[in-house]
Structures are given as structure tokens and as C-alpha cells.
Amino acid sequence: MFRQASRLLARTTTATTWRRSRAFSTDLPATPTEDSTFIESWKKVIPNMDPPKTPSSFMTPRPATPSSIPSKITVNFVLPYASELSTKEVDMVIVPATTGQMGVLPGHVPTIAELKPGILSVHEGNDVTKYFLSSGFAFIHANSVADIIAVEAVPLDCIDPALVQKGLAEFTQRLGTATSDLEKAEAQIGVDVHSALNSALTG
Amino acid sequence: MASNAAVPFWRAAGMTYITYSNICANLVRNCLKEPYKTEALAREKVHFSISKWTDGKPEKPNDV
């Protein structure tokens, strides 16, 4: 037990000496991952041997869930070529998950959501910033940090409505004439993306 | 037993998620307004240098 105490002390000092400019979701103090019931019952039966390590002691500790729900969520919104929002504290984000528009408030249950082409809106007080995402994932952690990753995200006023209409017409026509499964899938994707763009511009 | 869950239509057609995601991103890029569109397409340009090997020796590479 004392051998393990020195290992735990060493781990906490190395964690605090790192200086990172950007906070990650794993930065908050972690809950210790020792299986205390197992260790106690081991000691009762075999007091002279050190208890073996259980799989949970090898896991990196999960970020701690704060006992009270924080007032804002921290959003990290990244693209492959740029970081749009980095640890921005906001009141709510609405992400376009495949299961529908999902509103994320502080204290949201930890979720991994695959995103479909749609609008991401970030609500901060009375300001709403909207981006059109092509696809991606949203990870919401127990400590109210949301990581949203998308391949392509543009503000709505960068979209050209004429091109959207043209694309929609073209892919609807291609869907009608498609023969192989792959062609049909591509045409369907085209129709989905362009209709999402269309409703983003009009809605 | 039914097939494993409802697969998305693109996976049923044999496409992977990455291909699907890249197609979506390309379609969105093609619908952008002018200065943004050329910026986005230029950013995504990739250069390849391909050389065929014969008898253990590379021939002159072609650049794409």
C-alpha cells in the first residue's frame, strides 16, 4: 500500500508541472481509479502480498465530473485546417446530429454524436453564430466540455444560393438515372447535402 | 437474426465513412461564394509524385 502511495504522488506532481496554453477536457483533476473493495477483500484473505493491479488502475482517470453543474459549456470547434473555436465558454450549442438537431446545455449527459450536413449554432447570451457543417462528430464530456469536429464548416453567408439550386437539380436528376449502388449512394449524398444547404439558407 | 442494426445507405452501398465525409465536404466547397470557393479549393489541392519501379530501380517520377 505504501509502494502505491509513492506512485500516486509522483503521478500528481508530473501532471501539475505541465503547462499547456489550451485546456483539454482531460485537464481537470481526475478521480482516482483504484478498485478499493477488491483491495480490501484481498488484504483480508492475503495480507502479506501486494494486491495485483486491476484493469481499471491501468486506465487514465476519467476527467472529474464537477459536483455542481457548471454554468457554461466549453466548446472546442475544430476543422482539419483551423481551430474555429477553442475553449470558448457559451450557454448552448445546437449540433446537427444524425438523430436530429440536438441542443447541448451545461450538464448534458456525455454523448458521442455523428453529425450530418446541417447547421451548428452557438448561443452566447443574445448572440447566435451559425455555421454550416459538412459532417463530423460531436463529443460531449461529463465535465461540460464539447468537442465538435467537422471536415468543412462555413458561415452561412459564404454559401451561394444559385450554386445550391443548381447542385440540387443536378443530383436529383442523377439519382433518377443512377444504375449501380455506388452511383445511387453518391447521388443520394448529393441530394442530402444540397437539400440541407437549401434549408440552411431559407430556414 | 436481422442484419446488424440499420446501416446508413452509403455503407450499404460499400462506401466508407471517410469517403462519405470527403464527398460531403467537396459538395459544400463547390457551393461557396467566389473568394471563399477558390480559397477552399486551393487549400485542398494535393500534389503527388509517382514513380514506377522496374528491376529494383525507380524510373523518372511523374508529378501530378
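1. Basis. In this predicted model, local features need pLDDT of at least 70 and side-chain atom pairs count only at pLDDT 80 or more, while totals for chains, interfaces and linings use all residues. Residues are numbered from 1 along each chain as written, chains are lettered from A in the order written, and side-chain values use heavy atoms, without hydrogens and water.

2. Helix pair. In chain A, the axes of helix 4 (residues 161-177) and helix 5 (residues 181-202) come within 8 Å and cross at roughly 150 degrees. Axes are lines fitted to C-alpha atoms over the stretch in contact, with angles from 0 to 180 degrees between N-to-C directions. Helices are DSSP runs of H or I, at least four residues; strands are E runs of at least two. The two helices are therefore roughly antiparallel (angles over 145 degrees).

3. Salt bridge within chain A. The side chains of A:K72 and A:D91 meet at 2.9 Å, N to O. A salt bridge is a side-chain nitrogen of Lys or Arg within 4 Å of a carboxyl oxygen of Asp or Glu. The two residues are 19 residues apart, both in loops.

4. Salt bridge between chains. A:E152 and B:R43 meet at 3.3 Å, N to O. A:E152 is buried at 1% relative accessibility; B:R43 is partly exposed at 34%. Buried means under 20% relative accessible area, exposed over 50%, partly exposed in between (1.4 Å probe, protein chains only).

5. Network. B:E44 forms a salt bridge with B:R29, the closest N and O atoms being 3.6 Å apart. B:R29 is buried at 5%. Shared partners join A:E152, B:R29, B:R43 and B:E44 into one network.

Notes: Parallel < 35°, antiparallel > 145°, perpendicular 65-115°, else oblique.
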